[in-house]
Amino acid sequence: MSQRAGVPEVKSAVRTVAVLELLAERGDRPARLRELADALGVPRSSMYALLQTLVECGWVRTDATGSLYGIGIRALLTGTGYLDSDVRVRAVRPYLDEASDALGETIHLARLDGSDVVYLATRESHEYLRTISRVGRRVPAHAGALGKALLAERPDHELPLPDEPLSATTDNTHTTRAALLADLVETRARGHSVDREETVVGIAGFGFALRYDTPAVDAISCSVPVSRLTDEHERHIVAVMREIRAKIERTLPSSRGEVMWR
């Protein structure tokens, strides 16, 4: 049994979290008992008992036959509580609206979590169909504008990257450390990251780290279809997003007196 700071790991709690995370990752693909038990290496009898408990508590839902399982509504309530309690998310939201109004494009706020970024807020464009990005969705940090903006704030030897080859979400995603590091050099030089169809085919993104932490853990970005991304529009996006970043960094409440989460 592993330990953290001398405290023994609680096996049942770890198993419960693993089930919830696995169901959340599957999205609209419900899982069967056998799939969950095999994926987590848990006896089916134990997995069944755990699932029934989670169903009763609302954390997991099941279909009319009781053979399919998906994430429950309690997960949504908990996620909403996280966003509502975060002073930085609340402070940034009006500036996402301002950027959306100025550009007419999709604007995101995300936070680095391990080797991924997690979307915390999105303002959708009315000009094109939604991208894959959603609040709560995880995307590999090396695969898009938000993540690359945050990785560029860190020394190369401290980058939170998985082993090579890096996972690809499109044919344009960097899948080697060398290619990613070369991109980060350019990102640091220009002051923002550029994603040209690395996360979603047909979509370009421009990411800007919010430097109210050192190193930055939050970033904002603008996504736009490449079909209408002219050089002039790109320059306009970059200018507006730089100003939005400056406003956020100037006006965000001081961290003094805040709870410093780890």
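Buried means under 20% relative accessible area, exposed means over 50%, and partly exposed lies in between, with a 1.4 Å probe and protein chains only. By that rule Arg 211 is partly exposed, with a relative accessible area of 42%.

This is a predicted model, in which local features need pLDDT of at least 70 and side-chain atom pairs count only at pLDDT 80 or more, while totals for chains, interfaces and linings use all residues. Residues are numbered from 1 along each chain as its sequence is written, and side-chain values use heavy atoms, with hydrogens and water left out.

**Single residues**

Helices (H or I, at least four residues) and strands (E, at least two) are DSSP runs numbered from the N terminus. Arg 211 sits in the loop between E10 and E11. Contact means heavy atoms within 4.5 Å; leaving out residues up to four places away in sequence, Arg 211 touches Glu 153, Gly 191, Ala 216, Arg 245 and Glu 249. With one of these, Glu 153, the side chain of Arg 211 makes a polar contact of 3.0 Å. A polar contact is a pair of N or O atoms within 3.5 Å; within protein, one must be able to donate a hydrogen and the other to accept it, and residues adjacent in sequence count only if both atoms are side-chain atoms. Between Arg 211 and Val 185 there are 18 Å in space, C-alpha to C-alpha, and the two are 26 residues apart in sequence.

His 174 belongs to the loop between helix H6 (145-151) and helix H7 (177-190). Is His 174 buried or exposed? His 174 is buried, because its relative accessible area is 17%. Not counting residues up to four places away in sequence, the contacts of His 174 include His 142, Lys 148, Leu 166 and Glu 198. Asp 183 is also touched, and the side chains of His 174 and Asp 183 are joined by a polar contact of 2.8 Å.

Ser 100, in helix H5, is buried at 15% relative accessible area. Not counting residues up to four places away in sequence, Ser 100 touches Glu 105, Ile 107, Arg 123 and Glu 124.

**Backbone**

The loop between E10 and E11 also holds Pro 215, which is joined to Thr 214 by a cis peptide bond with omega about -5°. The peptide bond from Glu 164 to Pro 165 is cis, with omega near -5°, and Pro 165 is in the loop between H6 and H7. Glu 197 is not a glycine, although its phi is positive, at about 60°. Glu 197 lies in the loop between strand E9 (193-196) and E10 and is partly exposed, with 23% relative accessibility.

**Nonpolar cores**

A nonpolar core is a set of buried Ala, Val, Leu, Ile, Met, Phe, Trp, Tyr and Cys residues joined through side-chain atoms within 4.5 Å. The largest nonpolar core has 29 residues, and Val 92, Leu 109, Phe 206, Ile 220, Ile 237, Met 241 and Ile 248 touch the most other members. Elements that give two or more residues to this core include helix H5 (87-103), strand E6 (106-113) and helix H8 (231-251). H5 gives the most, with seven residues. Apart from this core lies another, of 20 residues, among them Ala 110, Leu 166, Leu 181 and Leu 184.

**Cavity and pocket**

On a 1 Å grid over the protein atoms alone, a cavity is a set of points where a 1.4 Å probe fits but cannot get out, and a pocket is an open set with protein on both sides within 12 Å along at least five of seven lines; lining residues have an atom within 4 Å of a point. Grid points are joined across faces, edges and corners, and a volume is the space filled by probe spheres set on the points.

| Space | Volume | Element giving the most to the lining |
|---|---|---|
| Largest cavity | about 170 Å³ | H6, three residues |
| Second largest pocket | about 150 Å³ | E5, four residues |

There is one cavity of 30 Å³ or more. Of the 20 residues lining the largest cavity, Tyr 119, Gly 144, Ala 145, Asp 195 and Thr 199 lie nearest its centre. Strand E4 (60-62) and strand E5 (68-71) each supply at least two residues of the lining of the second largest pocket. Residues lining that pocket include Asp 28, Arg 29, Arg 61 and Asp 63.
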